[in-house]
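Subject: Structure handover

Hello,

Please find the structure below, for your files. My notes on the disulfides and on one helix residue follow it.

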Amino acid sequence: MAVEGAMKCVKFLLFLFNFIFWLCGLALITLGILVQMAMHNSPVIQNASASSVPLVVIGIGVVIFFIAFFGCCGAWKESNCMLTMFSVLVGLIILTEIGAAIAGYVFRAKLAVIVKDGLTDSIIKYNNGTKDFREAVDKLQESLHCCGVNSSADWVRYKPDGNSVPESCCINVTVNCGTGTMHNPATVNQKGCQTAVEAVLKKNILWVVVAALVIAFLQVTGIIFACMLMRGIRSGYEVM
């Protein structure tokens, strides 16, 4: 028996919410991939825990993408079984999203140590690293206008003279611009990269956490609508 009156409105609202969930799932997948790329395009993030939050968000997005379709079918067909399964699955997703948000904040607290260790390791490996590795470090320093971990002095072992830095440290990058100019503020960026890298990563993680919490709130609303519709369906069968 088809629902009528207010329950019919709830049915279409649930259908609409599931369409929004579908879009949110797609958004989470995209956001997770972008954050993952931002982290791992940088040579300074070698810690495996850095991958956990964006990977969890990508996984949640994929699951939401398919569950939303399932919820749409349940609402359209007015199936108690499908709506119950939808509510349970979304509830589990909400718990996972809350866990991902907590993990994101925990990772933010550890970010300073991870970034510092990663940058220090990058400087140590720079001279003997592959061409791609050196280009990644250079791109990082050029794009963030920084040099070393805390300052340009961190490159003291870059060359035997102890006063040279890679060209990517220069304010205006030219051939041999970093030779003998480590402490020259007119030629070389004196500030380190740690603070800048932390700021970029914290911003990316914050976007992931906010997206997960906003979508969790929308999903709670969807579960409420699903329960209301199930109650309406049961009432309709009792009348029959």
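Cys-146 and Cys-193 form a disulfide, with 2.0 Å between their sulfur atoms. The torsion about this S-S bond is about 95°, so the disulfide of Cys-146 and Cys-193 is right-handed. Cys-146 sits in the loop between α4 (131-144) and α5, and Cys-193 in the loop between α4 and α5, so the pair ties together parts that are 47 residues apart in sequence. Both cysteines, Cys-146 and Cys-193, are buried. Please bear in mind that this is a predicted model.

The search of the whole structure finds three disulfides. The other pairs are as follows.

Cys-147 is bonded to Cys-169, and their sulfur atoms are 2.2 Å apart. For Cys-147 and Cys-169 the torsion about the S-S bond is about 80°, so this disulfide is right-handed. Cys-147 lies in the loop between α4 and α5, and so does Cys-169; the pair therefore ties together parts that are 22 residues apart in sequence. Cys-147 and Cys-169 are buried.

Cys-170 is joined to Cys-177 by a disulfide, at an S to S distance of 2.1 Å. The link of Cys-170 and Cys-177 is right-handed, with 110° about the S-S bond. Cys-170 and Cys-177 are both buried.

If the bonded cysteines of the protein are numbered in sequence order, the pairing reads 1-6, 2-3, 4-5. In residue terms, one of the disulfides is Cys-146 with Cys-193, another is Cys-147 with Cys-169, and another is Cys-170 with Cys-177.

The other item is Gln-219, which is found in helix α5 (residues 194-239). Is Gln-219 buried or exposed? The relative accessible area of Gln-219 is 2%, and the cut-off for buried is under 20%, so Gln-219 counts as buried.

Which residues does Gln-219 touch, leaving aside those up to four places away in sequence? They are Phe-21, Ile-64, Val-90, Ile-93, Ile-94 and Glu-97. Among these contacts is Val-90, which is 129 residues from Gln-219 along the chain. The C-alpha atoms of Gln-219 and Val-90 are separated by 6.8 Å.

In short, there are two things to look at when you open the file. One is the set of three disulfides, with the pairing 1-6, 2-3, 4-5. The other is Gln-219 in helix α5, with its contacts to residues including Phe-21 and Glu-97.

Regards

Definitions and conventions: Residues numbered from 1 in each chain as written. Predicted model: local features only at pLDDT ≥ 70, side-chain atom pairs only at ≥ 80, totals over all residues. Heavy atoms only, no water. Helix = DSSP H or I, 4+ residues; strand = E, 2+ residues; numbered from the N terminus. Buried < 20%, exposed > 50% of the residue type's maximum accessible area, 1.4 Å probe, protein only. Contact = heavy atoms within 4.5 Å. Disulfide = S-S within 2.5 Å.
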